[in-house]
Amino acid sequence: MNQFITVIATIVLAPIVGGLLFGIDRRITARLQGRFGPPIMQPFYDFFKLLGKESIAVSKMQFVWIYSYLVLMIASLVCLVLQSDFLVLVFLLGFAGVSLVLGGFSTKSPYSHFGANRELLQILAYEPVLLLLAIGIYAQNGTFMVSTILSRQEPLLLSLWPLFIAVLYVLTIKMRKSPFDLATSHHAHQEIVKGITTEYSGSYLALYHLAEWYEIVLVLGVIVLFWANPIWIGLLIAFAAFLLELVVDNITARMTARWMVRLSWSVGLILGIINIAYLYIMKGVF
Amino acid sequence: MTDGMMAIAILLPVVAGFLILVIRNYFARGVVVVLTASVLIANSILFASKGPITYTPPAGFDWGTLITVLDYAILITYLVLGLKLRNRLVLIFAATQIIPLAYFEFVMKAHVEVKPAFVVDYLAVVMTLVICVIGSLICIYAIRYMRDHEEHAHLDKSRQSRFLFWLVLFLGAMNGLVFANNLVWLYFFWEVTTLCCFMLISHDKTQIALQNAARALWMNATGGTAFILAIIYLYTTQGGSSALSVQNIIGGGIHSAVMLVPVALLCYTGCTKAAQMPFQSWLLGAMVAPTPVSALLHSSTMVKAGVYLVIRLAPAYAGTYLSTAIAIVGGFTFLGTSALAISQTTGKRVLAYSTIANLGLIMACAGINTPLSIAAAILLIIFHAISKGLLFLCAGTIEHQIWSREIEDMEGLAAKAPLVTLITAVGMLSMFLPPFGMLLGKWIALEAAYKVPLAAIFFVLASALTMVFWTKWLGRLLQVMPKLGWPLEKLSPSYAVPLWTLFIGIFVIGFGIAPIYQDFIASATSNVIPGNNIIASGWASIVLAGSSTGQPAAAIQGSFPLWALYLVLGIALFLPMLFYGLKPTQLRPVYLCGEQTGGTDTDEWLAEADIKTKFILGGYYFQGTVGEKALNPWVNTVAIFLLAIMIGCGVISK
């Protein structure tokens, strides 16, 4: 019963937090760009306005995939709050990503295809980092369960700081921020139409935004795990990481997908591999 | 009872094969195939219900001599084929088998008698279920497929009988292979599968088919050579037949210091048959054959024999450097072939690379050699057989609808053949996403990989690459124009029965895997390695018990909530597919900067000078980065190097 309440609370509260974070994002970004910016509540106004629009579509499967993107993202977040297996969480997140990509591919639209192909490369860039993080957590805790991370007194950040840096990459990719805002961007000046979301409108686009809100809560939640005791430090770190992303977003421009994959597969993986190798040597597994 | 079951498993396919060979009538032949398939399936279920048995054929007939004679017959066939095809490599590796074998028989005057001759434990039962159930479904599929295939090729004289003969014979040889305890008999069945494989690949008799079949033959013959050498080594160093009993080799009945050399040789043999890098080219070449061959080779037979041998021998090399080396060889194959799969433009070649990748994963699991990883290996064998068998049958059905194997030609298949696309899509999703069985296996593998960190890193990278090539292909299939109400296509029962059976199998076995594991697969795992830290709690989830890495005692290491994940899948995909409908008035054409020419049913736009032009979309293949030309020299060099280290580990460990 307790778990049930947790799940319901997550499903209700996460989008509120996510929407507010996006509101803060828009406000701060505007200030950084010398504009006044919209009210913090603007993402919610946009969301309800979109819901009220006439629903038009270019295929049925488009709806199926964007809806499954949302459901799987929620499932992944539920996995986190129920303190379940971290690997299962990563796999569900991967499935969510695949759903979004297939949504993009399910129409014969050049812009949507551009975005879908790039989103796929984004998955290729972040998925190994998250899986390496899982192995790093295992090397440290001897289990993949999130519950053990939360009950552990010594924070993960101290032993897994190289992986933390790599996860910051993932945060940039998942928040669709420059230089990795390839599939679709929040900034108009560097976008090919609207990337993977080009063909979504009205309530379907609202679903996409809702999923994005869950997504940011999930990824920041993963960052909180790096300092789970006391949890307020983890929350502060996550918020600081969020603010850092906003700065990075505004001082860089979109790079190519190839560059992103190369960077993540070289720097990100080297950080992860060194980190894990160090932990293994320290634990005397070799 | 046991007599009958063994005879049905091994000899019935031979008898039925010859019957099929002489029947010239399409329907009569079909009936024989269907009957044989049904009996084989029933028989394999009987094996499962009966549990482990040992068996030695009754005295009175000298089976040993018969097998020796047939051994020579097969090897002489290789020589003849080598001469006929003028292929030097086939000749050389036929000779390297026939000379040591003759030496073994005539110079050493070896007399091999192993009792029991056959040991059917739970691992063998799992294998025979995979072989008989999935293999038989593929044979049923082949009945109609080969007729369509020949109609399309406009052959004067039907060769369907010959094809089905080798196909059915293959199942018998595989059953013998997984049951055999006598290493010399195991070698015989091993060579029969190699021969069947050659005959099936070369079936179309085109230049390219013959060439690729010859490559499959010589590569597998190098494995056969290593097999013979291992037999001679065991026999001479241990002096006697008892050294040639598989149960003795893995049961520690032989002094282990000299054991690793033959075991390493046998693992090499397993690598050739399982098409591990650098031998992947024979399995890729096998793609020229009619699709039932690919389905059979990839799902239930041939390559699975390779991984079976390596898993079977796992106790013999547990805790050695050889074990670690096998984990790394397998892990590297998983990584290398997953990358190469991204660059492939032909559907069947993507499937082939994915097979090799998953075999690499299974091989690596055997090398990691813990109860957890062996369980992962066995689960992966089962689920891979179902999903890959289904996918190849889908590829064949698609080929017979659009007469092409190219991914780009499959663009928008969802509109042309919605049923096949649905089955294919589910088959693809079941290869790499939760909650399906393949991912369950991969999950256990990742949780077990801590013991060989390098293999763990290979797994991580390869999993990400796997997602890319499946999603990319799936995206091409599902791209459709804004239209509603696609008419469903008709499938002949010979296609539909295997397709739907495997489709349902994915869900039934995937959903019920927790009790199946508990009652059955756990026993197969403990046939290989004692100990079990997988706990299935009812139907709900699979939980891994805490490990022993010297960490603060963790209650559980990981948990895979099956029931919840299937619920999520149902809510996420099946609910909207079934209950969500669009009205025709809600459809719009896609955005083309206002340059589209008309309504929702056209993909034309106004190009330069307002000329109506159809617009074309293509997939990404990254040939420059992960293409065969760019990657092969590197990965093959590393693979040869790793393989040499693997065999070296066997030699130096003593």
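**Contacts, a sheet and a helix pair**

Colleague: What does A:Ala134 touch, not counting residues up to four places away in sequence?

Modeller: A:Phe86, A:Leu87, A:Val90 and A:Phe144. A contact means C-beta atoms, placed from the backbone, within 7 Å. This is a predicted model: local features need pLDDT of at least 70, side-chain atom pairs count only at pLDDT 80 or more, and totals for chains, interfaces and linings use all residues. Residues are numbered from 1 along each chain as its sequence is written, while chains are lettered from A and ligands numbered from 1 in the order in which they are written.

Colleague: Which residues have the most contacts inside the largest nonpolar core?

Modeller: A:Ala134, B:Ile231 and B:Cys365, in a core of 358 residues. A core joins buried Ala, Val, Leu, Ile, Met, Phe, Trp, Tyr and Cys through C-beta atoms within 7 Å. Buried means 20 or more other C-beta atoms within 10 Å; exposed is 12 or fewer, partly exposed in between.

Colleague: Switching to the interface. How many residues of chain A are in contact with chain B?

Modeller: 60, against 55 of chain B. The largest share of chain A's side, 16 residues, comes from α5(A). Helices (H or I, at least four residues) and strands (E, at least two) are DSSP runs, numbered from the N terminus.

Colleague: How do the residues on chain A's side divide?

Modeller: 39 nonpolar, 15 polar and six charged. Asp, Glu, Lys and Arg are charged; Ala, Val, Leu, Ile, Met, Phe, Trp, Tyr, Cys and Pro are nonpolar; the others, Gly among them, are polar.

Colleague: Now the chain B sheet. What order do the strands have?

Modeller: β3-β4-β5, open and antiparallel. Pairing needs at least two DSSP bridges. β3 (534–537) and β5 (556–560) of chain B each have a single partner strand, so one side of each lacks a neighbour in the sheet.

Colleague: How many bridges join β3(B) to β4(B)?

Modeller: Four. B:Ser537 has B:Ser541 as its bridge partner. Three residues lie between the strands of this hairpin, and B:Gly538 takes a positive phi near 60°.

Colleague: Last one. At what angle do α3 and α7 of chain B pack?

Modeller: About 5°, with the axes 12 Å apart. Axes are lines fitted to C-alpha atoms, for helices over the stretch in contact, and angles run from 0 to 180 degrees between N-to-C directions. α3(B) and α7(B) are therefore roughly parallel. The cut-offs are under 35 degrees for roughly parallel, over 145 for roughly antiparallel, 65 to 115 for roughly perpendicular and oblique for the rest.

Colleague: Which residues of α3(B) make the contact?

Modeller: B:Arg29, B:Val33, B:Thr36 and B:Leu40. α7(B) brings B:Ser161, B:Leu164, B:Val168 and B:Leu171.

Terms used. Contact = placed C-beta atoms within 7 Å.
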